[in-house]
Amino acid sequence: MTAENPAVRFVMLIIVAAVSRASISAQVVTPVQSSLQLSAPKGLPSPVPGSDTFRPAVAGLGRTLFFDTSLSIDRKISCSSCHAPEHGFASVEALPAGSLGRRALRNAPTLYNRAYGKAFSWDGRAKTLEEQVILPISNANEMALPLEDAILRLRKDESYAKKFAALFGREATAQDLSVALASFTRTLVHADTVVDDFRAGQVGHLTRSERTGMWIFESKGGCWRCHTGPNLTDEAFHNTGIGVAGGKSRPGRMAITNDPADAGGFKTPTLRALAETAPYMHDGSLATLAEVVAFYRRGGNENPRLDRKMKPLALSDQDALHLVAFLRALSRRSAFSARGK
Ligand code: HEC
Ligand code: HEC
């Protein structure tokens, strides 16, 4: 294992940050800051959106904050409690635990490739990453700490006070906090997988089964209609029937737009890093990729606003296995970046 490899170095930093978590409420972790970069791995468009204003030191501050439980009212929950690095920055629990014994109302999605996002949260309530990253702090089911109190805590903490002053030339503000957290989130990129190798012409990097699965994804599976482009998402909202009970869907996107046509609409998530991010869907209701494929095979859950692209699929049991193999391959790093791990 060599620390020269940026991917390895990043993983090592995450481990350092995670190990230091226990002592965080008393003391701020000071991770190495120089290694934070914003570069697109093979398979993602370059430059990464946001590169023009990106400052590594600000992302370094964001990383410290990301692992710090003092942003929650009871000092027990950090961003990483729900977006766990070892689970693709997604939650292991269907509805992850927040402060004061509460639970988030939805599954915490992966934070990979959010730099490429167009709207944030499952219903797209936040238009920018900066807007999104501070929502959990004051959310009663998540960190439950009024934003003003979070800012006061940062101003009172000597180490944070110094860092904010050095980086922004003033006392900590909500805006600077959001810039720091968003900058760190942008550094979480996931690509350079065997599927990206395949698309770049190295066809031997996918097994036969994975290749067949990819073909099903792009043909009779119809998955590409919504999971499209380098990040496998159209960044749009669709009613697939997840969360339908008694023929009725949850409001979803409609809660934001007030348009009944958007009822039950949720944002198409990326499919990168899938093997690490179970359980799946906005409510974490599907535990495995096999369950996800079974859900699509039957055409989703019937309801009046079901997306027209959702139809029962003519897939054999063997096809379903190939499709799962392909979905898993979207997490497998290419032979070159895997070397040394
Ligand atoms: C208690 C669990 C929890 C904590 C703590 C938490 N999140 Fe989340 N996060 C979620 C959930 C749930 C969602 C989906 C929200 C929704 O759709 O209503 C989410 C969504 C997001 C998104 C949007 C992702 C997307 O694809 O749209 C970002 C970015 C994010 N969180 C960053 C953070 C940051 C930064 C912190 C720390 C300040 C944090 N989260 C703390 C549970 C949590
Ligand atoms: C009509 C658009 C559409 C089509 C077609 C579609 N998806 Fe999805 N996909 C979505 C949306 C929207 C979600 C989130 C749904 C929710 O949670 O309410 C999703 C969620 C997923 C997830 C869960 C990801 C996560 O992180 O939770 C997987 C896996 C997935 N789709 C795979 C597929 C596969 C495989 C196919 C083809 C068989 C497919 N999708 C077809 C729109 C679509």
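1. In this predicted model, helix α12 contributes the most to the shell around ligand 2, giving 3 residues. Helix α12 spans 289–297, and α13 spans 317–329; each of these two helices supplies at least two residues of that shell.

2. The shell as a whole holds 27 residues. The closest to ligand 2 are Cys223, Cys226, Ile242, Phe266 and His282. Sorted by class, the residues around ligand 2 are 16 nonpolar, 8 polar and 3 charged.

3. Which residues of α12 are buried? Leu289, Val292 and Val293 are buried in this helix. They lie on the same side of α12 because they cover an arc of only 95 degrees around the axis. The buried residues of α12 pack against α13, and α13 is also one of the helices that supply at least two residues to the shell around ligand 2.

4. What follows α12? The helix is followed by Gly299. The phi of Gly299 is positive, near 85 degrees.

5. On confidence, the chain averages a pLDDT of 90, and 88% of the residues score at least 70. Two stretches should be read with this in mind. Over residues 8–34 the pLDDT is below 50, and in the model this stretch has 44 contacts beyond near neighbours in sequence. Residues 337–341 also have a pLDDT below 50; for this stretch, the model shows 9 contacts beyond near neighbours in sequence.

Key:
Residues numbered from 1 in each chain as written. Chains lettered and ligands numbered in written order. Predicted model: local features only at pLDDT ≥ 70, side-chain atom pairs only at ≥ 80, totals over all residues. Near = placed C-beta within 6 Å. Helix = DSSP H or I, 4+ residues; strand = E, 2+ residues; numbered from the N terminus. Nonpolar A, V, L, I, M, F, W, Y, C, P; charged D, E, K, R; others polar. Buried ≥ 20, exposed ≤ 12 C-beta atoms within 10 Å, placed from the backbone. Arc of directions from axis to C-beta. Contact = placed C-beta atoms within 7 Å. pLDDT = per-residue confidence, 0-100.
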